[in-house]
Amino acid sequence: MAEPQQPQQQHQQPQQHQPSQQPARSRIPGSGLAKGLAVTLRTMTRRSVTAQYPDAQPELPPRTRGVIGLFEENCTVCMLCARECPDWCIYIDSHKETVPPAAPGGRERSRNVLDRFAIDFSLCMYCGICIEVCPFDALFWSPEFEYAETDIHELTHERDKLREWMWTVPAPPALDPAAEEPKEVAAARKAAEKLAAQEAKAAAEAAEAAEATGAADNAADNAADNAADNAADNAADNAAGNVAGNTEGDA
Ligand code: SF4
Ligand code: SF4
């Protein structure tokens, strides 16, 4: 019986490190020093960029995340911002109010009324999530950043202070000329056009009514004048006739 053949073991020889074929760089003595001096000279001739804050105010980009402003009128107390804030540093209190029906026989409605809106900037990490999730455009970034306090409690800004920051929010950049008109602007423009058309129609009707009233007054004046003239003429004729008759009778 033939013995099973042992698998031939293949011994791989470790690859010998081949010396680099590239020629060694020749180093000129003192070239490093020359390079360093060149950098120094280049930098010396450039304008200094040191900002002399607070003597000179920095020119910040318009989308700087300085502080958050609240436009209270747009807030519906939906609580989305407070729920999404990763630091839980937005505090909102509200109560419900019943609004009477708009038309007789309608249904009463309830709405949320804001009692408190505050942001604790000692906890805020300026992530901007609250501004992004607000569905009613009630929160905005302001580039103001000078609101450091010595008392940490003062860093909780209540609604009045948050509203004041609103006036420092830069205006949004102009729309591209080819861009579609924003929905709210289109709605406001249509409402203004409708109102102007209604006012023009009411003015035209009033003018027509005034004209008709003036014509009626003139007709009445003319009729009265004619009647008075006729009556006077008749009376004069009668009087003259009577006088003539009496004179003939006497004769
Ligand atoms: S910026 Fe971020 S951390 Fe600050 S209040 Fe808004 S969601 Fe909270
Ligand atoms: S998400 Fe906007 S509308 Fe809702 S509570 Fe916050 S600020 Fe107000």
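This is a predicted model: local features need pLDDT of at least 70, side-chain atom pairs count only at pLDDT 80 or more; totals for chains, interfaces and linings use all residues.
Local features need pLDDT of at least 70, side-chain atom pairs count only at pLDDT 80 or more, and totals for chains, interfaces and linings use all residues. Residues are numbered from 1 along each chain as its sequence is written, and chains are lettered from A and ligands numbered from 1 in the order in which they are written.

Three strands form an open sheet in the order β2-β3-β5, with antiparallel pairing. β2 (90-99) and β5 (156-157) stand at the edges with a single partner strand each, so one side of each has no neighbour in the sheet. Strands (E, at least two residues) and helices (H or I, at least four) are DSSP runs, numbered from the N terminus. Strands pair if DSSP finds at least two bridges between them.

β2 and β3 are joined by 10 bridges. In β3, N112 is the bridge partner of K96. β3 (residues 109-120) and β5 are joined by two bridges. Here I119 has H157 of β5 as its bridge partner. β2 is hardly covered, with one buried residue among its 10. Buried means that 20 or more other C-beta atoms, placed from the backbone, lie within 10 Å of the residue's own.

Ligand 2 is surrounded by residues including C75, C78, C81 and C134. A residue counts as near a molecule if its C-beta atom, placed from the backbone, lies within 6 Å of it. Ligand 1 has 13 residues around it, and C85, C124, C127, I129 and C130 come nearest.

Methods. A residue is buried if 20 or more other C-beta atoms lie within 10 Å of its own, exposed if 12 or fewer, and partly exposed in between; C-beta atoms are placed from the backbone.
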